[in-house]
Amino acid sequence: MAPMTRSRADHNGNVNDLTVTYYTQRASAGLIISEAINISEQALGSPFTPGIYTAEQIDAWKKVTKAVHETGGLIYAQLWHTGRVGHSIDKNGVLPVAPSAIAIQGQQHFTSQGPKQYETPRALETAEIKQIVQDYKQAAANAIEAGFDGVELHAAFGYLPNQFLVESANHRSDEYGGSIENRCRFVSEIMQEMVDAIGENKVAIKLSPSIPFNAIIDSNPTALYTHLIAQLDKMPLAYIHLMNPMFPIDNLPQYPKDVIGTFGTLTRHLVMANGGYSKNTGEQELEKGIAKMISFGALFLANPDLPKRFELNSALNHPDRATMYGGGEKGYTDYPFLGE
Ligand SMILES: Cc1cc2nc3c(=O)[nH]c(=O)nc-3n(C[C@H](O)[C@H](O)[C@H](O)COP(=O)(O)O)c2cc1C
């Protein structure tokens, strides 16, 4: 099950009993990757997203992981820092932080007061970057304390790690900017620290090399991700989660369309493919032999018993966009199981 933000935590970033039900209903996934979880107060970009940096938040997650394990499932925590993809309205008036003071143009942010223009973020000091690396390390340790089986770094879709990687968001002149090697440093350091904190084969990463969403543009994504994957290959990771292009990229000819074929073949790690798969296209992807796992997002959101439905070739429930983010049980825990 692919990671999916559902925005149903309370004001203090605690998940509740509905969240326990939601994940437990989907425990047949084999492996659930949780919704993105804020590693610190600074990391938060959107209202009602959960955290894993207070004792109360960790205790709330314990109920989820215990229930999933008792139902026979495994669950990884996806760790999140949104960087410039946030708004001061939902950050107690504090500006979002980013590698450089460059605002996202051409998109709006969904805040608790409706859609708003992005603000120009505050550029991080070098010492602050090192502190955020430590925040990820602590969050990884907290995730294990909360009973998660491992962690996945959210380095996709334009959030903070992705902002460090690309030219459009990173104009730094210190060791975290400039060359490809420097732009990859933040992600590499986080991954190494998390491995040091929680051990081998428990740390994973999600990448979206061909997704320009959130103003993520690079002149040479192939060189960038080739370097990054080589760095990651030096570490004992659980898997690399690769997301296919989900937006039109015809005007970005340097962006590879076949992400699994281009980047999945570069790594020695287990590849998890994601993005737009059905049962049939997922099986076709596995038959190519590059990806060893497929993750399903929207289909799992709407079908708590997705593996059973695939097995029986049953009809599928359709995901309801209106209830994806926020609210209560409607569109969260009330999708019917087969036969209901
Ligand atoms: C409601 C919703 C929330 C999502 N939240 C996250 C998230 O927190 N972290 C993440 O990496 N991807 C997130 N995604 C993207 C999914 O993990 C996945 O990459 C995407 O839906 C494509 O897979 P699919 O075609 O199987 O749905 C979200 C997708 C949906 C539909």
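## Surroundings of His 109

Leaving out residues up to four places away in sequence, His 109 touches Gly 45, Ser 46, Val 85, Gly 86, His 87, Gly 114, Pro 115, Lys 116 and Tyr 118, where contact means heavy atoms within 4.5 Å. This is a predicted model, in which local features need pLDDT of at least 70 and side-chain atom pairs count only at pLDDT 80 or more, while totals for chains, interfaces and linings use all residues. Residues are numbered from 1 along each chain as its sequence is written, and side-chain values use heavy atoms, with hydrogens and water left out.

His 109 is found in strand S4 (residues 108-111); strands (E, at least two residues) and helices (H or I, at least four) are DSSP runs numbered from the N terminus. With a relative accessible area of 5%, His 109 is buried, a term that stands for under 20% relative accessible area, as against over 50% for exposed and values in between for partly exposed (1.4 Å probe, protein chains only). The side chain of His 109 reaches the backbone oxygen of Gly 45 at 2.9 Å.

## The parallel sheet

Seven strands form an open sheet in the order S1-S2-S7-S8-S9-S10-S11, with parallel pairing, two strands being paired if DSSP finds at least two bridges between them. Strand S1 (32-38) and strand S11 (293-295) stand at the edges with a single partner strand each, so one side of each is left without a neighbour in the sheet. From one strand to the next the twist averages 25°, with angles running from 0 to 180 degrees between N-to-C directions and axes being lines fitted to C-alpha atoms, for helices over the stretch in contact.

Strands S7 (residues 150-154) and S8 (residues 203-207) run parallel and are joined by four bridges, and Glu 152 stands opposite Ala 204 in S8.

## Helices on the sheet

Helix H5 (residues 180-198) lies across S2, S7 and S8 and runs at about 155° to S8. H5 also packs with helix H6 (residues 221-232) at an angle of about 35°, their axes 10 Å apart. Among the residues that meet in this contact are Val 187 and Met 191 in H5, and Leu 224 and Leu 228 in H6.

## Glu 285 in helix H8

Glu 285 lies in helix H8 (residues 279-287) and is buried, with a relative accessible area of 7%. Apart from its neighbours within four places in sequence, Glu 285 is in contact with Ile 260, Ala 273, Tyr 277, Ala 291 and Ile 294.

Conventions. A polar contact is a pair of N or O atoms within 3.5 Å; within protein, one must be able to donate a hydrogen and the other to accept it, and residues adjacent in sequence count only if both atoms are side-chain atoms.
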